[in-house]
Amino acid sequence: METTSDRLLWMYRTMVEIREYEETMAKVYLEGKLPPKIQKGLAFDIGAGPVPGEMHLAAGQEPVAVGVCAHLRDEDSVVGAHRPHHFAIAKGVPLNEMTAEMFGKVTGLGRGKGGHMHLFDPAHKFSCSGIVGAGAPQACGAALAAKKLGKDWVAIAFFGEGAANQGAFHEALNLAALWKLPVVFVCEDNKYGISVEKGDSTAIASNADRAAGYGMPGVLVEKNDALAVFEAAGVAIDRARRGEGPTLIEVKTDRYYGHFQGDPETYRPKGEVKQLREHDPIPALGAVLREQGLLDDARDAELREAIKARVQAAFDFARQSPYPEVAEAYQHVFVD
């Protein structure tokens, strides 16, 4: 499947923006969480600082988000997992409101009530969940709605390889295949489910092989490469739009940070992250753009400066926004 110059540039810009966002969040998240600003005797206070609670970052996994979302339209739905920022940015969720949500501010997507694992943006048809495996049935719901409406919209369910061992995953694949729903299941295999290696938790080497059990195509993308993901996702999304049913894609990708920020990562071999970074997918795609005359040093510097300013503006917006009033605690939670 061929891509256009505009799509290539969009994928590169978006990958750079995701990386800038995650690296900025990694620094901001630690504010106020380390001694001497926390209670004596504690090494790390997860509830302190401007961004309280757990934080799961996706630096290194950018190819999965951009390779899939490059094919999507505004009407298509995306359901992410607990590590969701790269998917949200690639789907067009505004940085200001997304960041304010993580800061618990009233200007956030959910008025500060959801945090980083529960980002909901109906305007851009994006959601995610802290419940492992919960997104696959939700994507089936969006796909069923599109089918009932007679639209050629598609739904994408992103999840990690650990979620492929959940019952909800298998129930969703069965239903999607039975009803020929326009949904694409995209599994990010970053090797670890929290701290457990895939080989210690999963009976087969590739989750893509599980697709055969449900009568749908299964595709394994063996490289953390945006163009390889783009190729596989394009075929699957076109198939879904034609009404031919779901596809399961698994992508081998790399997680540069721990499962959560503050994770001591004692389960990881020394030097693993350094080795992974030697195959960083962003410079790899940048080299393709340079070969095609779409990028040079000056344009790259200009692009990165603009992205840095946009990300910084989002964090400034979040810091300066007010917290919700206490009286709002029970508002926007239940539906009458």
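Valine 333 is partly exposed, because its relative accessible area is 43% (buried means under 20%, exposed over 50%, and partly exposed in between, with a 1.4 Å probe and protein chains only). You'll find valine 333 in the segment after helix 10 (297-320). Its C-alpha is 9.6 Å in space from the C-alpha of glycine 110, although valine 333 and glycine 110 are 223 residues apart in sequence.

A quick word on what you're looking at. This is a predicted model, where local features need pLDDT of at least 70, side-chain atom pairs count only at pLDDT 80 or more, and totals for chains, interfaces and linings use all residues. Residues are numbered from 1 along each chain as its sequence is written, and side-chain values use heavy atoms, with hydrogens and water left out.

Now for the helices, which are DSSP runs of H or I with at least four residues, numbered from the N terminus. Two packed helices are described by the angle between their axes and the distance between the axes. Here the axes are lines fitted to C-alpha atoms over the stretch in contact, and angles run from 0 to 180 degrees between N-to-C directions.

Start with helix 2 (residues 62-69) and helix 7 (residues 226-241): their axes are 7 Å apart and the angle is about 40 degrees. That makes helix 2 oblique to helix 7 (under 35 degrees counts as roughly parallel, over 145 as roughly antiparallel, 65 to 115 as roughly perpendicular, and the rest as oblique). On the helix 2 side, Pro63, Val64, Val66, Gly67 and Val68 meet Ala226, Val229, Phe230, Ala233 and Ile237 of helix 7; contact means heavy atoms within 4.5 Å. Sorted by class, the residues of this contact are nine nonpolar, one polar and no charged.

Next come helix 1 (residues 5-29) and helix 4 (residues 95-102), packed at about 25 degrees with axes 13 Å apart. So helix 1 is roughly parallel to helix 4. Helix 1 brings Glu17, Tyr21 and Met25 to the contact, while helix 4 brings Leu95, Met98, Thr99 and Met102.

Key
Helix = DSSP H or I, 4+ residues; strand = E, 2+ residues; numbered from the N terminus. Nonpolar A, V, L, I, M, F, W, Y, C, P; charged D, E, K, R; others polar.
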